[in-house]
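Work through the exercises below with the structure open. Each task is followed by a stepwise solution.

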Amino acid sequence: MALAPQQRVGNARRSFFERGTLPVGTVPDTILQSWRRCQRSGLAVDAQPQLEPIGGQNLRALRESHERLWRLARAEIDGLGAHAASTDSIVLLTDADGWILNAEGNAGFLDKAGRVALMPGVCWSEAAVGTNAIGTAIVEGRAMEVRGGEHFFAPHGILSCSAMPIHDPYGHVAGVLDITGPASVQQMHALGLARLAANRIEHRFFEDGLAECELLRLHHDPALLDTPGEGVLGFRNGRLVAANGVGLRLFGLEHGDIGRASYEALFDAPLSRMRDDGLLQDRSGRVLRGRLDSASARQRVHATAVALPSSQRAVQVPASATVFDAQQREQLARAGRVLEAGLPVLLQGETGTGKEVAARALHAQGSRAGKPFVAVNCAALPEGLIEAELFGYEEGAFTGARRQGSQGLLRQAQGGVLFLDEIGDMPLALQPRLLRVLQDRELSPLGGGKPVKLDFTLICATHCDLQQAMAEGRFRSDLYYRIADHILRLPTVRDNGDRAALIEALWQPLAQGRVLCIEAEQALAAYEWPGNLRQLVACLRTLVALTDADARIAVDMLPEYLHDAPRLSPAPLAEGNLQELTLDAMRHALDACDGNVSQAAKRLGVNRSTLYRRLKL
């Protein structure tokens, strides 16, 4: 009889730590190697690790010193945090040494993790904490899973952790993204989600371009170009000097090959071929499509990156016509008229209901559509950075400040739209200064500097009850009346009267030939979705990431939290007899598959001939 995982790990620990033998095959080799490193470094397995978080001022300084990493990662932290909150887990961001910079997710598990000092301001390097996913991923330079008793210290056995290193363009570890949950729950998709998020963060490192470097963006699948799934290679004087992980994997390279591999070793045609024809052939004969970034193209990319600096694409859902129904589009049109008059709009709705999607739709339909859209998540900004992020600063204004200073997000919105997300979570001490800027449309950077006139339209959003916040003294009433000239309330997913249609609309752009079986569709439509659109889209993306193209996704492939979950009441069935309902289901499946009979039959679990016969195709 096979041993349960916890029994197998327990036997391995006794064999290794008590008898001094190597339990080869009972735990992964990477875990054994880490245990040996910890022993050689002098860590005692029966000791109680003493981990104290650094103080508030020091934590702020630590975060300020890693401001760029935090900026590039915060959209993923925000998106994964909503997913983690519904799966009793948390998501963590650390620097390259294992210092935890941020933690989001399930409040209950955040408290449990805090009991073993898994919290911001604590260093989880392997040297300090023994075998753990964060520290061991840094040592190994690759993805790591450490479950329960695989941790070196026994108190950490309550954790199941999945960590993915984040590499900078030059192949160095810049930080780690970790998803941690209780060891008693199998975190099936955690490592896959962490890997996808790390890919997106690494892709953003290239948004500003690289000095004196020719950036080659390419892939053999054209659909992945201009997405985080594309390979990015940077060449300088014929030498590979930078790359993202996707680019390295395309050619079977490692991060250590950066700085050593040559262009000629990878391709048999000059770079000009990509510029002229949009394709290159590698030494293996594969044809890769893409583009070569010129200096002017990188300047345009940089301008876009500046215009979208925060929580961008955290909820990458299709255009508003897909997400919003006719009534909501009418409400958006009314809100757009208010914005055109120069008046602010306040979006209210639960977390994940698509407030940023609505804000972007308002921007796209207005006269400022060609101007910047600057999104600022007031809840995601660390308290020590929020003022500098919003208002900008002069050189030397604080520890970790950029050498040339920063113009700040408000000035980046010049001529366009400023979107202040989760404004209800803005620190009370900062609200008077924001109010003054909104009244005067003028600001002065931190550390001095000439006042700057501002021109933008304002959209704010919150999940909070601002009336209650004002009554409790957490939100200023004068600021509220400055931002709430028009209020647009966004419904939750569970309040959507046609959840199946919503899921279908969100799924089709992602599916790439994959098909949801009817049972899976029904389970998705019946779930409560406490994280709303953000959680729903994250779930659909996970299904895509874990399956091959043209796969048929059955109900048992859905995330664990969907099984045995409370169910919402299904939409009432149309009246009619069984035959009519069957025909309606067939027509619906055929419409959903754009007339593809094979896909519709696969979705329904019937033969194509049945569809041809019943629908007289």
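**Exercise 1.** Decide whether Phe 267 is buried or exposed.

Solution. Phe 267 has 1% relative accessibility, so it counts as buried. The cut-offs: buried is under 20% relative accessible area, exposed over 50%, partly exposed in between (1.4 Å probe, protein chains only). This is a predicted model, where local features need pLDDT of at least 70, side-chain atom pairs count only at pLDDT 80 or more, and totals for chains, interfaces and linings use all residues. Residues are numbered from 1 along each chain as its sequence is written, and side-chain values use heavy atoms, with hydrogens and water left out.

**Exercise 2.** Classify the ring pair of Trp 529 and Tyr 561.

Solution. Start with the rule: rings of Phe, Tyr and Trp (its six-membered ring) pair if their centres lie within 6.5 Å; planes under 30 degrees apart are stacked, over 60 edge-to-face, the rest tilted. Here the centres are 6.3 Å apart and the planes stand at 85°, so the pair is edge-to-face. Trp 529 is in the loop between α22 (518-526) and α23 (532-545). Tyr 561 is in the loop between β19 (552-553) and α24 (578-592). They are 32 residues apart. Helices (H or I, at least four residues) and strands (E, at least two) are DSSP runs, numbered from the N terminus. Both residues are buried.

**Exercise 3.** Find which ring lies under the charged end of Arg 441.

Solution. Apply the test: NZ of Lys or CZ of Arg must be within 6 Å of the ring centre and within 35 degrees of the ring normal. Arg 441 sits over Phe 456, 4.5 Å from the ring centre. Likewise, Arg 286 sits over Phe 251, at 5.5 Å.
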